[in-house]
Amino acid sequence: MKKLGVREVVAIGIGTALFVVVGFVSIPLGFVPNTDLYPKMGILGFFAALFGPVVGLAIGLIGDLISSLIGGGIWWSWLIPMGVPGLCIGLFASKYHIEDGTFGTKEIVTFNIAQVIGNAIAWIFLAPVLDIIIYAEPANKVFFQGIWAFIGNIICTAIIGTLLILAYSKIAGRSTGLKKED
């Protein structure tokens, strides 16, 4: 496994802080108990796409742990899956071409396929199964919540994550116009 460098450690710190702060913003899905739209998923997607799978996984896990501790309780079956979308998005980080400013249609599609797969694993499978195993929750309830969490998270990641990456890619890909003096 590749050793984490200073850049990745700093990214985990900044990404986690933003994930926690933005995590206090949510839009409840009134018809689905304990399930909200979370813009923080766009932050997770952005950092995972830019810095890779370890950073994405760490931000999701550490950020949700801190948020849960601040909020007064840890729901392990939903905390554990939180890093999975970041891991999946980050696995394809080299395919997004963010740093060279060419994050275009092909890269947007790749990013969104990766995030849909990661969110599906996390919310349609892992979170409901862990709810059943850890908390003995009824299957019909937790799979219903999981499907709606999946839908909400792919929407937030697709919109916010894609827009953040597009904006950053445009800035990162630009030349400063500075020239080295002889």
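**Note on two helix pairs in a predicted model**

1. In this predicted model, helix H3 (residues 53-71) and helix H5 (residues 83-91) have axes that come within 7 Å and cross at roughly 165°. Angles over 145 degrees count as roughly antiparallel, so H3 is roughly antiparallel to H5.

2. The crossing in which H3 passes H5 is right-handed. On the H3 side the contact is made by Pro 53, Gly 56, Leu 57, Gly 60 and Leu 61. H5 contributes Gly 83, Val 84, Gly 86, Leu 87, Gly 90 and Leu 91.

3. Sorted by class, the contact of H3 with H5 holds 6 nonpolar and 5 polar residues, with no charged ones.

4. H2 passes H7 in a crossing that is right-handed. From H2, the residues making the contact are Met 41, Gly 42, Ile 43, Gly 45, Phe 46, Ala 49 and Leu 50. From H7 they are Asn 153, Cys 156, Thr 157, Ile 160, Gly 161, Leu 164, Ile 165 and Tyr 168.

5. The contact of H2 with H7 divides into 10 nonpolar and 5 polar residues, and no charged residue takes part. Among its residues are Phe 46 of H2 and Tyr 168 of H7.

Notes: Residues numbered from 1 in each chain as written. Predicted model: local features only at pLDDT ≥ 70, side-chain atom pairs only at ≥ 80, totals over all residues. Heavy atoms only, no water. Axes fitted to C-alpha atoms, helices over the stretch in contact; angles between N-to-C directions. Helix = DSSP H or I, 4+ residues; strand = E, 2+ residues; numbered from the N terminus. Parallel < 35°, antiparallel > 145°, perpendicular 65-115°, else oblique. Left-handed = near helix turned anticlockwise from the far one by under 90°. Contact = heavy atoms within 4.5 Å. Nonpolar A, V, L, I, M, F, W, Y, C, P; charged D, E, K, R; others polar.
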